[in-house]
Each structure stands twice: as C-alpha cells, then as structure tokens.
Amino acid sequence: MSQAGVQGRERRLFLTGLVALLISTGVAVVAGSYLSSISDLLTLIPGLMVLVPPTINMRGSISGVLASRLSSSMHLGEFSGTFEQDGVLAGNLHASLLLTIATAAALGVIAPLLSAITGLPVIGAGDLVLISLVAGILSGLVLMGFTVLISVLSYRRGVDLDMIAAPAVTTLGDLVTIPVLAMTAVAVLAIPSSI
C-alpha cells in the first residue's frame, strides 16, 4: 500500500473513532442526567441502588465482549451477517444471552446479601432477584440487538467495527439499563404480594 493510502486509512480510522467517542460522550451525559433525575426513586426502593452500578457494568461488558467477538470474526473472515444456526452470529448471541441471565441472577442474589451485610435497608430478596433478572434480560436483549445492528451495518459498509463498537455499545448500555431497571423495579413492586 502506498504512503498516501496508509495515511488515508489512518485518517479514516481516526475520524471514525473520534466521531464514535464524541457521540458516546454526549449519550453518557444524557444517561448521567437521567440517573440524577431518578435518584429519589432509587432511594425510595431499598436495595435498588446496590444493583445500579454492577447492572450497568455487566450490560456494557457483555455487549462489549459480543461486539469484540463479532469484530474478530470479521477480521478472520468468519462473519456472514446471517443468523445461521451454527454461525458465528447465532452462537455469540446465544452465549451472550446465557451470560446475561446468569449474571442478572447472580446480581439479584448478591445485592440483598450485600445490603444485609452492610446494614442497608433492602426490599425482599425475591423482589430484588426478579427486578435484576427482568431488567437484565430486557436491557440485554436491546443491547444485543443494537450490537448486531451495528456489527452488520459496519460489515456491509466496510467500517472497522473495532473503532465504533466499544464506545457505542457500552454507552448505550448506560442509557438503556438505567430506565429499564427503574421501570422494572416500579412494575415488580406494583404486583400485589398475594399473587
């Protein structure tokens, strides 16, 4: 490749990464503002605040790993952008869903234990597990869908997924997970306990 070709490729990579980071920064500000606006709700539901940081972290981490695995499969020539049963995309989505369910369940069990150990008030352990599972699965499905969308689009347009995936999916994880967690908590606690 000529010197001009290398410089042009480097410039494109730099600009792609810069735009992705700038957009992610703007979305992160929106997510932080939303978190600040629901802080009263989080304090009204004992134990929910303990779930917020690890839940947000897990959603971004799982989606980030999914994007990285899909990007690696693109570089290796194994990615097809279709949902074949034994394909790279389907296998990675299945693994991400299982990981989402397992971590959501674990967080739901750990949060009331941690609250009890530290003396923080907490709602029923069953409610916290249900909130964690439902919120984790719902936000995980949204993020997996977005990760697949961004992966397929970057594959078809020849954009390096490594430059845009990590900031895009981890920041969207913040933006999606916080409201889903809050809405799930309100919905679960609105269910009569006699059911």
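This is a predicted model: local features need pLDDT of at least 70, side-chain atom pairs count only at pLDDT 80 or more; totals for chains, interfaces and linings use all residues.
Local features need pLDDT of at least 70 and side-chain atom pairs count only at pLDDT 80 or more, while totals for chains, interfaces and linings use all residues. Residues are numbered from 1 along each chain as its sequence is written, and side-chain values use heavy atoms, with hydrogens and water left out.

Start with helices H4 (residues 88-118) and H5 (residues 125-157), whose axes come within 8 Å and cross at roughly 155°. H4 is therefore roughly antiparallel to H5 (an angle over 145 degrees). Helices are DSSP runs of H or I with at least four residues, numbered from the N terminus; axes are lines fitted to C-alpha atoms over the stretch in contact, with angles from 0 to 180 degrees between N-to-C directions. The crossing of H4 and H5 is right-handed (the near helix is turned clockwise from the far one by less than a right angle). The H4 contact with H5 has 18 nonpolar, six polar and no charged residues (nonpolar: Ala, Val, Leu, Ile, Met, Phe, Trp, Tyr, Cys and Pro; charged: Asp, Glu, Lys and Arg; polar: the others, Gly among them).

The largest cavity has a volume of about 40 Å³, volume being the space filled by probe spheres set on the points. Its lining residues (an atom within 4 Å of a point) include Leu 35, Val 52 and Thr 177. Helices H3 (48-75) and H6 (161-190) each give two or more residues to this lining, and H6 supplies the largest share, four residues. By class, the lining has eight nonpolar, one polar and no charged residues.

Terms used:
Angles under 35 degrees count as roughly parallel, over 145 as roughly antiparallel, 65 to 115 as roughly perpendicular and the rest as oblique. On a 1 Å grid over the protein atoms alone, a cavity is a set of points where a 1.4 Å probe fits but cannot get out, and a pocket is an open set with protein on both sides within 12 Å along at least five of seven lines; lining residues have an atom within 4 Å of a point.
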